[in-house]
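Dear colleague,

I am passing on the structure below, and my notes on it follow. Please read them with the structure open beside you.

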Amino acid sequence: MERTIYREIQANRAILQTAALLGVFLLGAAGAVLYMEEYGHIVTGMTNQIVWGLPHVFAIFLIVAASGALNVASIASVFGKTPYKPLSRLSALLAMALLAGGLAVLVLDLGRPDRLIIAMTTYNFKSIFAWNIYLYNGFFLIVGIYLYTQMARSMPAKVVKTAGFVAFIWRLALTTGTGSIFGWLVARAAYESAIMAPLFIVMSFAFGLAVFILVVTFTTRVTGRPFGPKLLNRLGRLLGIFVGLVLYFTAIQHLTSGYWARNGGIERFILFNGGIYTTLFWVGQVLIGGLIPLALVFHPTGGRKPASTIVASILVILGGFAQVYVIVIGGQAYPLNIFPGFTASSSFFDGVVNTYNPSWPEFLLGMGGVALALTITGLGMKVLRILPTNLSDANVGQM
Amino acid sequence: MKLPALKFSKKPSEMDRRDFLRAGAALATITLAPGVTLMAFGGSEAKANADPAKRWGLLIDVNKCVKDCTACVSACSQENGWRLPVNKETDAQWIRKVTLTDNDTGREEYLVTMCQHCEEPPCVDVCPTGASFKRVDGIVLVDKHICIGCRYCMMACPYKARSFVHENIVDEQKTWAPRGKGTVESCTMCVHRVDTGRIPACVEACNATGHGAIIFGDLKDPESEISKALAKYPSTALRDDLGLNPGVRYSNL
């Protein structure tokens, strides 16, 4: 076993092609933002009924995944698992990059993105949104320091561990904050629940690790650096545990809510007769994002193949988007129960299931956030010594 | 403001760690510096005229609200300069007529609903910048200068009382009710009228039709018409279970 050596990645054909592709998406998003700025949200599918749309699905996915991308670094620094240590730098970089991508989408979807400075300087401290602004900024600072301690020469291990521990606690707080954006909303039957915070935390574990696995696999392949199948397999099984946790928390969420008579309507809507939302829940989240990945990574023989982990990671991401879509859009599509005991109707869509048709600008903006996150990650690996030259199983140590 | 220059004497691809961090610091400065100057100019006139000894409220008598009458809705639209909905999904509606059908008996009732001016408004709690605020006299408003258009208040409102301005406003704006694309708005209880001793436009219009279904007044004054009516007849608040104590009450619902 040689010493782990970190080196900047060198541009090659595959990397330049990827960069060009990301550039196209960034340009697409820039165009979408200008278009939405000029004409207003009228050009999106969002309405006064579905006030948060596809951009929020992308933003929340990315912000949740950001916290989870830090898993590997946390496991190495806080829980002392040395095989993960060579991946810690990338873990921290990817976490910051995903958060930046998610926040960019969130900010550019604001009705007045030009007033970002107000959001950064004028706070209502009772708002969980305002707390989140601190949690996001703090995340950049703390994970940045954590990354620095990992990269600085002759930094005492104790300092790295302390920084890693603070980052670990902070990311838990951050995702608690993200989940509580929904959990603390008393108005909507789909949300009001303390389980939203822990649910979002386990979602972050799964989504973030899935993104991390794909980024490492892709980068090591295109740069020709070894990535041991046993290490990949180990990450895959860890992903399986997280996917199982997401299913468990989802089950508890719906069992609890469904048990209450007053929430019968929303639960029937999501689980049985909600059309696209029911399909996305069962087929998207549970089957594609849950059961199939579990079967793939825990299969006695097939589970050891690198392809199983890679396919499982892709499915977890797709299922994750479906889950966030059901939470964000499905939760708004179901009508508010302002007049219990009555069926309401009005010019403002009282009492009806709201329709939502996502538009191209929204999709392009969301994809731009993904592209931004990946561009930052790529640039970071290009200019900083993030990625080890050798991640072969022999080199990263005992499994 | 002079920005630290990036050194490109080397090939850009060989940008070292120090350059990278320096670029990051420059970006952070550009983002934050304008805010430091903005902080110097604070203060809001929006809260100036409120009297803490009052709490303004409305009492809507469902029995008196007539099926096809929308006089209050039209009056609000004219008074505050929002058009009656053309694009129903995206146009603002500060007040709306609702038809209710009793799930058990099939009996129909009619009422109007708008911002309920809660004592504990969830929109004010969740607003990250404090643009959503409650005056000391109980009127809940949006400060149009600091609303960033995040729509979290719309997610939080149990009454669906708020609208987001989805497109450029082409209609004539009223000086007392500024509106702007990309911000959120809702019923102001005609605060500009109330502050000059007049009653809200919806109440005036309802009275003019002879229905008299909406009473406006000071909930803290036991001698006001609204307080006397509330003391005399049973009334309820929408979603009373949430404990928000709205300033808008309904009788005969």
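**The sheet between the chains**

Helix 2 (residues 71–80) of chain B lies across strand 2 and strand 3 of chain B, running at about 160° to strand 2 of chain B. Here helices (H or I, at least four residues) and strands (E, at least two) are DSSP runs numbered from the N terminus, two residues are in contact if their C-beta atoms, placed from the backbone, lie within 7 Å, and axes are lines fitted to C-alpha atoms, for helices over the stretch in contact, with angles from 0 to 180 degrees between N-to-C directions.

This is a predicted model, in which local features need pLDDT of at least 70 and side-chain atom pairs count only at pLDDT 80 or more, while totals for chains, interfaces and linings use all residues. Residues are numbered from 1 along each chain as its sequence is written, and chains are lettered from A and ligands numbered from 1 in the order in which they are written.

Strand 2 of chain A and strand 2 (residues 95–102) of chain B pair in the antiparallel sense over 5 bridges, where pairing requires that DSSP finds at least two bridges between the strands. Within this pairing, A:Ser345 stands opposite B:Thr99, and the bridge partner of A:Ser346 is B:Val98.

The open sheet has 3 strands in the order 2(A)-2(B)-3(B), with antiparallel pairing. Strand 2 of chain A and strand 3 (108–114) of chain B stand at the edges with a single partner strand each, so one side of each is left without a neighbour in the sheet.

**The contact as a whole**

The contact takes 44 residues from chain A and 53 residues from chain B.

Best regards
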